[in-house]
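Let's take a walk through this model, starting with its pockets and then turning to its charged pairs.

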Amino acid sequence: MAITGAADLLATWEAGLAEAPTGRALLLHRTARPDVDATTLPVLPVGEREADLFALRRALFGERMQVRLGCAACGEDMEFDLDAGEFARSPIGPDDSIVRVEQDGWDVRFRLPGVADLTAAARSADPRAALLARCLVSAARDGADVTAGELPAPVQRRIAEAVESADPGADVTLNIACPECGAATRAELDIASYLWTELDAWARDLLLDVHLLATSYGWSEPEILALSPLRRRYYLELCADV
C-alpha cells in the first residue's frame, strides 16, 4: 500500500464531509486500494474491505488503536488497546470469494457478500432473502437447477455458516471483560467509522498548522503540505518561540 500524501488525504477528508457514513467508508477504501477500480470496491467481500481499512489505519496512524467501550452491566468506561496489524490481513484469496455447500442432494455456490450487497439487501422487506438472491451463483437439487426461493432453511443455514467461516473478518466483534464488575461486553468494531474520526481530527489539526505557518511565513498551503511532518513541527516550534 502506497502512503498517501497530506494533500490527497485532505482532499479525501473534504470530499467525505458531505457524505453519509457509507460514502465516507467508500472514500477511505479508495484511498486504501488505489490499485482497484472504484466500481469493483463495493463488491469485494466485506472482510477484505475491513482488512484494507485496518491496513490503511496502520499505515497512516500506526499499529496501536485506543478503544473506549461502556460496560453493558455496570456502565463503567473501559479503555483498552488493539493492534491494527492483527486485523489488516485478509484470509480471502482471489479464488476464495465463492463458497460451495453440498447437502442431501443440494449443490449450491454462493458469492461472499460485499458492501453493495448488504446495502441493497437492507432496503428490502426481507433482507435475508434479498441477500440470498443477490449473491447466489448457482443452485441445484439432484442435478436440476433451482432458484434462491426454493432453498430450504437447513441449506440456507449451511450457506450462512460457510460464508462466516470463509470471511471471518467481515464481523470484528470484541468481547471485553469489565475490570470493575467482571461482566463481558460484546461490541462490533466499525473500522470505517473509527478511521474517519481519526482522519477528521488529523485534518482539522493540520489545517490549523497550515494557518499558523501561512500567517508566520507567508507560505501557500501546497508549500506547507509539501513539508515533512517533522519539518512542519519544527517550524511550528520556531513560531511559538517568537
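**Pockets and salt bridges**

Of the elements around the largest pocket, α7 gives the most to the lining, with 7 residues. Keep in mind that this is a predicted model. The largest pocket holds about 1100 Å³ of space, and its lining takes in 37 residues, with V46, P113, L118, L131 and A170 nearest the centre. At least two lining residues each come from α2 (21–32), α3 (46–61), α5 (115–122), α6 (127–135), α7 (153–166) and α8 (191–217). By residue type, that lining splits into 23 nonpolar, 4 polar and 10 charged.

Next comes the second largest pocket, with about 350 Å³ of space. Here 17 residues form the lining, and A6, W202, L206, P229 and R232 sit closest to the centre. α1 (6–16), α3, α8 and α10 (229–241) each give two or more residues to this lining, which is made up of 12 nonpolar, 1 polar and 4 charged residues.

Now for the charged pairs: the count comes to 13 salt bridges. One of them joins R134 to D117, with the closest N and O atoms 3.0 Å apart. This pair ties helix α6 to helix α5, across 17 residues of chain. D117 counts as buried because its relative accessibility is 1%, under the 20% cut-off, while R134, at 40%, is partly exposed.

Another salt bridge pairs D81 with R64 at 2.7 Å, linking strand β2 (residues 77–83) to strand β1 (residues 64–70). D81 is partly exposed, at 43%. R58 and E63 also meet, at 3.8 Å from N to O; R58 is partly exposed at 31%, and E63 is partly exposed at 37%. Finally, R33, D35, E48 and D52 are joined in a salt-bridge network.

Key: Residues are numbered from 1 along each chain as its sequence is written. This is a predicted model: local features need pLDDT of at least 70, side-chain atom pairs count only at pLDDT 80 or more; totals for chains, interfaces and linings use all residues. Side-chain values use heavy atoms; hydrogens and water are left out. On a 1 Å grid over the protein atoms alone, a cavity is a set of points where a 1.4 Å probe fits but cannot get out, and a pocket is an open set with protein on both sides within 12 Å along at least five of seven lines; lining residues have an atom within 4 Å of a point. Grid points are joined across faces, edges and corners, and a volume is the space filled by probe spheres set on the points. Helices (H or I, at least four residues) and strands (E, at least two) are DSSP runs, numbered from the N terminus. Ala, Val, Leu, Ile, Met, Phe, Trp, Tyr, Cys and Pro count as nonpolar, Asp, Glu, Lys and Arg as charged, and the others, Gly among them, as polar. A salt bridge is a side-chain nitrogen of Lys or Arg within 4 Å of a carboxyl oxygen of Asp or Glu. Buried means under 20% relative accessible area, exposed over 50%, partly exposed in between (1.4 Å probe, protein chains only).
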